[in-house]
Amino acid sequence: MTEHASPEYTRYDTDFPRPRVHGINKAKAMYAASLAVVWIFCIAAAAIWVYGRGVQTLFTSFPRFLQNVGGLAGVVAAVLMMFQVLFMSRFPLFEYGFGRDIIVRVHKKVGYWSFWMILAHAALLVGGYNIAADFNPWAGWTGTGTLLATLIFAIVGVLAIFIAVIFLSLKKIKSKISYDVWYWWHMVSWVGALITVPHQIFLGASFRTEVPVGYFLGYPVTRLAIFWMIMWVIVFGAAAVWRFIVPVANYFKYGMRVVEVKPDGARGIDVIVTGKHLDRLGTKAGQFFNWRFLGSKGAIRSNWFSVSMPPTSDRLRICVRVVGDGTQRMAKLKPGQRVFVEGPYGRISGDLRTGHRMLMFAGGAGAGPMVSLLTDQDWAPGEATLISRENAHEDTMMVEDIERLVNDRGLVWIKSIGLPNIPAFPDNYSGGSSWLPANEDGTPVDGVSILREWVAGEVDNVDVFLCGPPIWMDSVIADLKKAGVPDHNVHAESFVF
Amino acid sequence: MHKSVKKNMNIGFGIAAAGVMVASYFAAGQSQFPTVEPGPDTPNPGLADGEFTITNDETAQNRPIRALTLTVDNGYMVNIVVEYNDENRMSHNLNTPTVLQLRAEALEEQSAEDLDFVSGATGTSQQFAESLQAAIDQARG
């Protein structure tokens with residue numbers, strides 16, 4: 001059932017507008033700036049520990065050694081927590097510089113390390129102080145006064161983080177809860193991180209080796225402590241601004257409303273949204289928003305959708321596959337309903353192009369961003385190929401727009417129709433690449449040679465964009481690698497959270 | 001696309017990090033008990049030059065100072081170095097800002113009288129003032 005039409009593109013017309021390759025430099029610069037922020041935070045944290053005489057007193061005695069290393073573990077844990085909040089703050093620098101995929105991957109790794117660093121911090125300090133006090137756990141505390149109360153904060157905060165994060169990282173739970181439940185649970189861990197800050201300032205040894213610049217509630221505050229506070233303010237300030245203030249301000253500024261809802265394919269709908277000066281959002285074709293449609297049941301729940309046409313000053317369009325959860329409700333949307341969006345997010349855009357040709361893989365509603373990119377970008381007839389992967393013909397989305405691109409601009413459209421070639425569908429399973437439907441004669445699907453045919457030996461001249469179910473994209477990307485397409489020419493991003 | 005950027009930046013920032021660490025190490029080493037030159041308008045208390053050490057045998061928690069050494073140069077108090085009772089980082093670091101504060105005040109006024117005691121650390125403040133007064137008395141001889 002697959003129509004493996006081999007693209008017969010014409011040779012390049014030299015007068016034709018070329019890809020805007022300057023975007024690459026911008027993407028590189030944003031990446032470099034993001035990495036610089038990470039480095040600066042790391043250096044600042046390490047310098048605080050060293051400046052706070054962490055090294056000078058390291059080997060004066062064994063308990064002191066444990067205490068100093070425990071203090072360092074605390075500093076590391078804290079700076080990792082800063083990254084956890086900063087990366088998830090939706091700060092545009094990171095959204096564009098790192099991209100959601102890198103952010104989510106790093107977020108998991110950093111979360112894991114900060115968990116162990118917090119445990120090491122607590123264990124080393126309890127051990128270090130108890131050895132110094134001949135295992136009399138109460139000896140060290142007299143005279144430390146009410147500063148000790150901040151330690152209670154630390155314990156409560158850490159418990160909040162651990163309970164929230166351990167709960168969330170259980171795979172069974174994550175697959176059952178909606179994005180929004182998951183999101184608000186995460187906020188518990190943010191509050192936890194916030195209430196561990198006082199014990200860092202008032203008990204942190206590194207902040208207590210200078211003449212204080214002032215007193216807070218009678219307790220000395222040093223320059224270094226103020227510096228550390230500024231770091232926290234930047235972190236939570238970024239989160240407050242980009243997570244909450246900007247979306248709320250945009251809601252009032254752009255006054256977005258639903259204008260039209262119409263069916264798209266057998267199982268999809270198109271939603272068109274209007275607003276004032278929407279071009280000022282700076283949305284690029286290929287980017288996505290988090291959407292809430294107010295005034296209908298369950299409006300507090302949100303969904304991720306890419307824009308499905310190049311954004312104009314008064315129109316945004318999304319195409320939605322009605323599969324469940326929030327999307328079923330969306331079929332009942334009425335014109336006039338107000339829309340609350342967070343975004344635009346995502347680093348996929350025409351800026352990433354390095355070659356002349358475009359090879360676009362759209363799985364289901366992934367047609368949206370692919371078609372909007374094709375509409376937005378410059379390419380000569382035959383230089384762009386769209387692969388639409390659907391389980392059934394009548395499901396195909398955005399047919400009207402695609403046909404227009406085929407007729408007016410010379411898009412090569414490859415329809416790849418059929419049930420997934422996976423063991424879960426034994427009647428249609430023939431082995432081999434799972435991103436294509438099964439071969440009718442039952443021979444294993446050779447995705448790599450089909451890709452080679454499509455790429456036609458021009459691995460450096462073709463940019464591959466993908467949008468669809470993550471497992472499907474992974475399968476395509478694996479075959480692209482085997483077909484010799486370099487990583488930096490493959491552009492995929494999932495709405496992972 | 002980002003690999004070369006990452007490599008170059010990691011090298012650059014790695015070197016910068018090493019530099020900052022070395023600078024922090026030496027800055028920290030000097031920030032503890034540096035010698036203070038008296039200002040031009042400071043009245044000369046007329047003490048005997050030399051080092052005068054007061055030691056305490058008490059180990060109570062609100063008496064954390066084991067030894068206090070006063071350095072006198074040209075009749076002026078130029079340095080006060082404090083050692084603590086134990087190497088326990090908690091009490092050490094809780095007391096350090098208090099001691100640094102009182103020390104700066106004492107060196108500026110060239111006196112142990114009328115020091116502003118640090119709230120929340122009256123025990124430490126009192127012991128510091130008493131020890132310093134004893135050292136000054138020694139220097140007056």
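Predicted model: local features only at pLDDT ≥ 70, side-chain atom pairs only at ≥ 80, totals over all residues.
Chain A contains 14 helices and 13 strands. Its C-alpha trace extends over about 80 × 50 × 50 Å along the principal axes. Of the 497 residues in chain A, 55% are buried. Contacts between residues at least 6 apart in the sequence of chain A were also examined, and 72% of these join residues at least 24 apart. The accessible surface of the chain amounts to about 21,600 Å², with 66% belonging to carbon and sulfur atoms.

Over all chains, the structure holds 29 aromatic pairs. In one of them, the ring centres of A:Trp304 and A:Tyr345 are 6.0 Å apart and the ring planes stand at 55 degrees, so the pair is classed as tilted. Because A:Trp304 belongs to strand β6 (residues 303-306) and A:Tyr345 to strand β8 (residues 339-345) of chain A, this pair ties together parts that are 41 residues apart in sequence. A:Trp304 is buried, at a relative accessible area of 10%, and A:Tyr345 is likewise buried, at 5%. A second pair, formed by A:Phe361 and A:Trp472, is edge-to-face, with 6.5 Å from centre to centre and 65 degrees between the planes. Here the link runs between strand β9 (residues 357-363), which carries A:Phe361, and helix α14 (residues 470-482), which carries A:Trp472; the two residues are 111 residues apart in chain A. A:Phe361 is buried with a relative accessible area of 0%, and A:Trp472 is buried with a value of 10%.

Ring pairs also link A:Tyr31, A:Phe41, A:Phe83, A:Phe87, A:Phe91, A:Phe94, A:Phe98 and A:Trp242 into a cluster. Charged side chains lie over aromatic faces as well. A:Arg90 is placed over the face of A:Tyr345, 4.9 Å from the ring centre, and A:Lys415 is placed over the face of A:Trp413, at 4.7 Å from the ring centre.

Side chains of opposite charge can pair when their charged atoms come close. Eleven salt bridges are present over all chains. A:Glu95 and A:Arg100 meet through their side chains in one such bridge, with an N to O distance of 2.9 Å. Both partners are buried: A:Glu95 has a relative accessibility of 4%, and A:Arg100 one of 3%. A:Glu342 and A:Arg292 form another salt bridge, in which the closest N and O atoms are 2.9 Å apart. This pair connects distant parts of the chain, since A:Glu342 lies in strand β8 and A:Arg292 in strand β5 (residues 288-293) of chain A, 50 residues apart. A:Glu342 and A:Arg292 are both buried.

In chain B, the side chains of B:Arg66 and B:Glu83 form a salt bridge of 2.5 Å, N to O. B:Arg66 is in strand β2 (residues 65-73) and B:Glu83 in strand β3 (residues 76-84), so the bridge ties together parts of chain B that are 17 residues apart in sequence. B:Arg66 is partly exposed at 35% relative accessibility, as is B:Glu83 at 38%. Elsewhere, salt bridges with shared partners join A:Arg317, A:Asp401 and A:Arg404 into one network.

A nonpolar surface patch comprises A:Val55, B:Val22, B:Tyr25 and B:Phe26, which together have about 340 Å² of accessible area. A:Ser349, by contrast, is buried at 1% relative accessible area and is located in the loop between β8 and β9 of chain A. Leaving aside residues up to four places away in sequence, A:Ser349 touches A:Tyr96, A:Lys284, A:Ala285, A:Leu373 and A:Phe465.

Terms used
Residues numbered from 1 in each chain as written. Chains lettered and ligands numbered in written order. Heavy atoms only, no water. Phe/Tyr/Trp six-rings, centres within 6.5 Å; stacked < 30°, edge-to-face > 60°. Helix = DSSP H or I, 4+ residues; strand = E, 2+ residues; numbered from the N terminus. Buried < 20%, exposed > 50% of the residue type's maximum accessible area, 1.4 Å probe, protein only. Lys NZ or Arg CZ within 6 Å of the ring centre and 35° of its normal. Patch = residues over 30% accessible without salt bridge, like charges linked within 9 Å, V, L, I, M, F, W, Y side chains within 5 Å. Areas by Shrake-Rupley, 256 points an atom, 1.4 Å probe, with all protein chains shown as cover. Salt bridge = Lys/Arg side-chain N within 4 Å of Asp/Glu carboxyl O. Contact = heavy atoms within 4.5 Å.
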